[in-house]
Amino acid sequence: MAISREQPLLLLIVSLFLLPAALGASKFQTCNTGHRYPVDVKTVKISPEHVKPSTNANVTITGSTSIDIPDGATVKLRLTLGMYPVSTKSYSLCDITACPVAPGPIVLNFSNVFTKKELSAYAYYIVIDISADPERESMMCVWFACGISHRSLHSQATN
């Protein structure tokens with residue numbers, strides 16, 4: 001059976017869509033769909049993959065920036081239950097990535113995203129944005145869902 005020219009191209013396209021899922025990446029969206037932010041997010045990874053009330057979540061965002069990001073930039077992580085705000089955490093850019101940030105690859109690391117009280121919910125939307133000035137538009141803004149599994153070890157063992 002001969003391989004057509006379209007089959008390798010189709011395989012490449014399908015693999016590009018499946019690769020983030022295979023690497024444990026989460027689905028995410030930019031806050032302003034269609035807008036090109038200077039920081040282009042490639043992947044959002046939540047670990048552990050299955051957050052439980054007895055654990056916490058770490059979030060890693062990878063991407064690239066087309067501009068220098070000043071050391072004084074603020075990164076905000078907001079938790080919402082649907083449209084209802086729950087909490088906002090502010091970070092100095094240099095607390096979550098290596099500074100200075102020049103054009104090129106960027107990795108943002110957030111540890112222990114939830115407080116103990118926040119781990120009692122079942123899911124949140126997480127919004128993360130970077131801005132150097134509250135009066136200006138964000139340099140990056142993404143949102144994604146994070147579920148928290150409340151299944152007990154006993155119910156998992158009996159299923």
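**Reading disulfides, core, surface and salt bridges**

Analyst: The general idea is a scale of relative accessible area: buried is under 20%, exposed is over 50%, and partly exposed lies in between, using a 1.4 Å probe and protein chains only. Please keep in mind that this is a predicted model, in which local features need pLDDT of at least 70 and side-chain atom pairs count only at pLDDT 80 or more, while totals for chains, interfaces and linings use all residues. Residues are numbered from 1 along each chain as its sequence is written, and side-chain values use heavy atoms, with hydrogens and water left out.

User: Thanks! How many disulfides does the count come to?

Analyst: A disulfide is a pair of cysteine sulfur atoms within 2.5 Å. By that rule there are two disulfides here. One joins Cys-31 to Cys-141, with 2.0 Å from S to S. The other joins Cys-94 to Cys-99 at an S to S distance of 2.1 Å. Counting bonded cysteines along the chain, the pattern is 1-4, 2-3.

User: Where do Cys-31 and Cys-141 lie?

Analyst: A word on the element names: helices (H or I, at least four residues) and strands (E, at least two) are DSSP runs, numbered from the N terminus. Cys-31 sits in the loop between strand 2 (29-30) and strand 3 (39-47), and Cys-141 belongs to strand 9 (residues 140-147), so the pair ties together parts that are 110 residues apart in sequence. Cys-31 is partly exposed, at 34% relative accessible area.

User: And which hand do the disulfides have? Is the link of Cys-94 and Cys-99 left-handed or right-handed?

Analyst: The Cys-94 and Cys-99 link is left-handed, with -105 degrees about the S-S bond. For Cys-31 and Cys-141, the torsion about the S-S bond is about -70 degrees, so that disulfide is left-handed. As for cover, Cys-94 is partly exposed at 33%, and Cys-99 is partly exposed at 29%.

User: Let's go inside. Which residues touch the most other members of the largest nonpolar core?

Analyst: A nonpolar core is a set of buried Ala, Val, Leu, Ile, Met, Phe, Trp, Tyr and Cys residues joined through side-chain atoms within 4.5 Å. The largest one has 34 residues, and Ile-61, Phe-110, Phe-114 and Ile-128 touch the most other members. Elements giving two or more residues to this core include strand 4 (58-65), strand 5 (74-81), helix 2 (93-96), strand 7 (104-110) and strand 8 (123-131).

User: Could we zoom in on one of them? Which residues does Phe-114 touch?

Analyst: Contact means heavy atoms within 4.5 Å. Leaving aside residues up to four places away in sequence, Phe-114 touches Val-51, Asn-56, Ala-57, Leu-79, Leu-119, Tyr-124, Ile-126, Cys-146 and Ile-148. Cys-146, one of these neighbors, is buried at 3% relative accessibility.

User: Now the charged side chains, please. How many salt bridges does the count come to?

Analyst: Side chains of opposite charge can pair when their charged atoms come close. The rule for a salt bridge is a side-chain nitrogen of Lys or Arg within 4 Å of a carboxyl oxygen of Asp or Glu. That gives three salt bridges. In one, Lys-42 meets Asp-40 at 2.5 Å, N to O. Lys-42 is partly exposed at 49%, and Asp-40 is partly exposed at 34%.

User: What about Asp-129: which residue is its salt-bridge partner?

Analyst: Its partner is Arg-78, and the closest N and O atoms are 2.7 Å apart. Asp-129 lies in strand 8 and Arg-78 in strand 5, so the pair ties together parts that are 51 residues apart in sequence. Asp-129 is buried at 7%, whereas Arg-78 is partly exposed at 28%.

User: One last stop: where is Ser-131?

Analyst: Ser-131 is in strand 8 and is buried, at 15% relative accessible area. Not counting residues up to four places away in sequence, Ser-131 touches Ala-73, Thr-74, Ser-138 and Met-139.
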